[in-house]
Amino acid sequence: MAEKNIVFTDNATLPAIGQGTWYMGENSRARPKEVDAIRAGIDLGLTLIDTAEMYAEGGAEEVVGEALQGGLRDKVFLVSKVYPWNAAGKKAIAACEASLRRLKTDVLDLYLLHWRGNYSLAETVEVMETLMQQGKIRRWGVSNLDYSDMQELSRISGGKACATDQVLYHLGSRGIEFDLLPWCQQQAMPVMAYCPLAQAGRLREGLLESSVVKDLAHAHRASTAQILLAWVISHKGVMAIPKAASVAHVEENAAASKIVLSADDLARLDNAFPAPNRKTPLDVV
């Protein structure tokens, strides 16, 4: 049965489906619609909002900041991510402060290293601890780090305080199930799945047009996208952060959290899209 809420080690409780903002903020004409979508999602319980300084070079953060005006900030768990070349020392502090300004808030609930760069993990952990001491962030984590990276991180002083690993994960990309996901589950470390419906292209179309996925969608009176979301959050400790730039899309995503896939449903999906039985490179987009 799918977990409907995900609990962090410090007992913060989040919905299993949140809101991603990749590609938001790139078109000023779309901004009102994007703001409305985020607000609608909050009303529907999608209170985890994920963004990054990379998305539209801060534009997505500005959209989120606008959406949270009027007293909504305290209702959400706000996540942003730092470029790897900003992920240490004064650069990290300046980057975090710039994100806070764009988001119109004084603290992030979670701040992530977007991907690994030239700074050592130890340098990033050190500045994350500084940002916490300064009250600018409440927790820190990482994104796009594979199993070996997480082992290295866990051996660093303070590294075990990492709150999450945000990685690409969907029915057509199951490589994390070989080692990374089981390890995170053992550590009670939540995993955030980005691109839970796959990126645009043939793979996404293949998932949405799969006869098995279509059959399950019909049986559950759901859309194929909802079945794919329900599959992602059926895994222990995994939350999904799909992007939705319209109110209708947000409503569809929120409804997916109510779908419970049976053991037979999961077995059919597993047979159609099996997980790799060996180590594979971490998928990143």
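These legends describe close-up views of a predicted model.

**View 1. Strand 8 has buried side chains on both faces.** Strand 8 covers residues 165-168. Asp-165 and Val-167 point one way. Gln-166 and Leu-168 point the other way. All four residues named here are buried. In a regular strand, side chains alternate between the two faces of the sheet.

**View 2. Strand 7 pairs with strand 8.** Strand 7 spans residues 140-143 and runs parallel to strand 8. Two bridges join them. Val-142 stands opposite Asp-165 of strand 8.

View 3. Val-167 has Ala-193 in strand 9 as its bridge partner. Strand 8, helix 6 (residues 180-186) and strand 9 build a β-α-β unit, again right-handed.

**View 4. Ala-60 sits in helix 2.** Helix 2 runs over residues 59-67. Ala-60 counts as buried because its relative accessibility is 0%, and buried means under 20%. Leaving aside residues up to four places away in sequence, Ala-60 touches Thr-21, Met-24, Gly-25, Thr-51 and Tyr-55. Asp-50 lies 10 residues from Ala-60 along the chain. The C-alpha atoms of Asp-50 and Ala-60 are 9.7 Å apart.

Note on methods
Residues numbered from 1 in each chain as written. Predicted model: local features only at pLDDT ≥ 70, side-chain atom pairs only at ≥ 80, totals over all residues. Heavy atoms only, no water. Buried < 20%, exposed > 50% of the residue type's maximum accessible area, 1.4 Å probe, protein only. Pairing = 2+ DSSP bridges. Right-handed = clockwise from strand over helix to strand, strands pointing away. Contact = heavy atoms within 4.5 Å.
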